Amino acid sequence: MYNGKYIIPGIVIFVGLFTFPFWSNLLTPKYERPQLAMPADQKECIEPAEYMRAEHMHILDVWRDQALREGKRAYVASNGKVWDISLQNTCMKCHANKADFCDKCHNSNSVSPYCWDCHVAPRGNQ
Amino acid sequence: MSTTRRQFLKIAGLAAFGLGTSSALDAAEAVAKDMPGAKYDVGGKHLAAKRWAMVIDTRKLESREDYDRIIHACHSVHNVPSIPTKQEIKWIWTDKYDRVFTDDMSQHLSPAVREKDYLLLCNHCENPPCVRVCPTKATFKRADGIVVMDYHRCIGCRFCMAGCPYGARSFNFGDPRPYLKDVNPAFPTRMRGVVEKCTFCSERLEVGLLPACVEASNGAILFGDLDDPNSPVRKALAENFSIRRKPSIGTQPGVYYIV
């Protein structure tokens, strides 16, 4: 091979750099689902936990439009229970520990929603 | 039967199309869903009206304390900051006659009327110019006549401030939180870069409470349905001479003044 002494190390370096995401992922510790602080006095959320985990932003989005634009401030959950539509006065009443509930999961997933620029975080936090 | 190159390409194209659309359909199915069985409803306690309106009986408001008590009631409930500069935020405030009723051409008004302070707030117009100019529909008029804002959607363009003939809107030039001494934990604050204004306490009406300023006014401010002849506002308007701000521009304000 012509110029093998340059080409082969070059290929090795290239493959090393190219596969960096794969081997760096193998070397770093595995992602673990953060341990969240659950409300002590409540057993279940407004909807099943699986649904809340996946769709809580969707629910907040619809809640905002229903409350503000349609004037509908009561949420009748799938189990028939009625809740006031309010992030500050309903959600955060139970989930009063924002730092160990919202933030913990959001931080480990690198999402930074800007809810708290306007909405007042519960005082139970400080 | 042997396959020609033409047939092969046709089938390959169709197959690729099918594969593409099926993955697109999967993606569409993965879009967020409402919980089956969940419903939205108006709360049991909410107050309803066809057209909410306010009557301010200026004869019953005299001292500075009267105005300050009302202003404080509103601003503390809604986390309105007190910023002591031109960047002030105000939902309800006062001014003198010639700045309030600018259409009035009377040269020789009684000094008592001219020197008096008048309470000012968003007029919740029938034809709100702020709603017409808002490019994002952040400001909108509800079916019951209240003009409200969705701060999530406000981009801070301030067209509404230019559109409002009553100066009822304030812009958050900076973060309002440092100027809030006591935050009401039941109501949000605002953030830098959004416009804000009086909401006619739509959030209180929905839980069965009258607006904060009405409660704090000791009967000087009346609130009710303009379409209901038996409502307190209609009765007060039937019995007294009342005026509105800038009637000539056709916005049909929902705030009436008995002078």
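**What the labels rest on**

Reply: UniProt, in an unreviewed entry, lists residues 6–28 of chain A as "transmembrane region". UniProt positions follow the numbering used here, feature names are shortened, and annotations may be inferred rather than shown by experiment. This is a predicted model: local features need pLDDT of at least 70, side-chain atom pairs count only at pLDDT 80 or more, and totals for chains, interfaces and linings use all residues. Residues are numbered from 1 along each chain as its sequence is written, and chains are lettered from A and ligands numbered from 1 in the order in which they are written.

Me: What is the chain made of over residues 6–28 of chain A?

Reply: It is 91% helix and 0% strand there. The end C-alpha atoms are 32 Å apart. Helices (H or I, at least four residues) and strands (E, at least two) are DSSP runs, numbered from the N terminus.

Me: Why is helix 1 of chain A said to lie largely in the open?

Reply: A residue is buried if 20 or more other C-beta atoms lie within 10 Å of its own, exposed if 12 or fewer, and partly exposed in between; C-beta atoms are placed from the backbone. Of the 15 residues of helix 1 of chain A, zero are buried, so the helix lies largely in the open.

Me: What makes N79(B) count as buried?

Reply: N79(B) has 22 C-beta neighbours inside 10 Å, so it counts as buried. N79(B) sits in the loop between helix 2 (64–77) and strand 3 of chain B. Its phi is near 55°, a positive value in a residue other than glycine. Most residues other than glycine have a negative phi.

Me: What about C201(B), buried or exposed?

Reply: Buried, with 22 other C-beta atoms within 10 Å. C201(B) is in the loop between strand 8 (195–196) and helix 7 (202–205) of chain B. Its phi is positive, about 55°, although C201(B) is not a glycine.

Me: How do you know that strand 1 of chain A pairs with strand 1 of chain B?

Reply: Two strands pair if DSSP finds at least two bridges between them. Here three bridges join strand 1 of chain A to strand 1 (residues 39–41) of chain B, and the two run antiparallel. Y75(A) stands opposite Y40(B).

Me: Which residues make the contact between chain A and chain B?

Reply: Chain A gives 25 residues and chain B gives 26 residues. Contact needs C-beta atoms, placed from the backbone, within 7 Å. On the side of chain A, the largest share, seven residues, comes from helix 3 of chain A.

Me: Why are strand 9 and strand 10 of chain B placed at the edges?

Reply: The open sheet has four strands in the order 9-2-11-10 (chain B), with mixed pairing. Strand 9 (221–225) and strand 10 (242–243) of chain B each have a single partner strand, so one side of each is left without a neighbour in the sheet. I243(B) has Y257(B) as its bridge partner.

How values were computed:
Contact = placed C-beta atoms within 7 Å.
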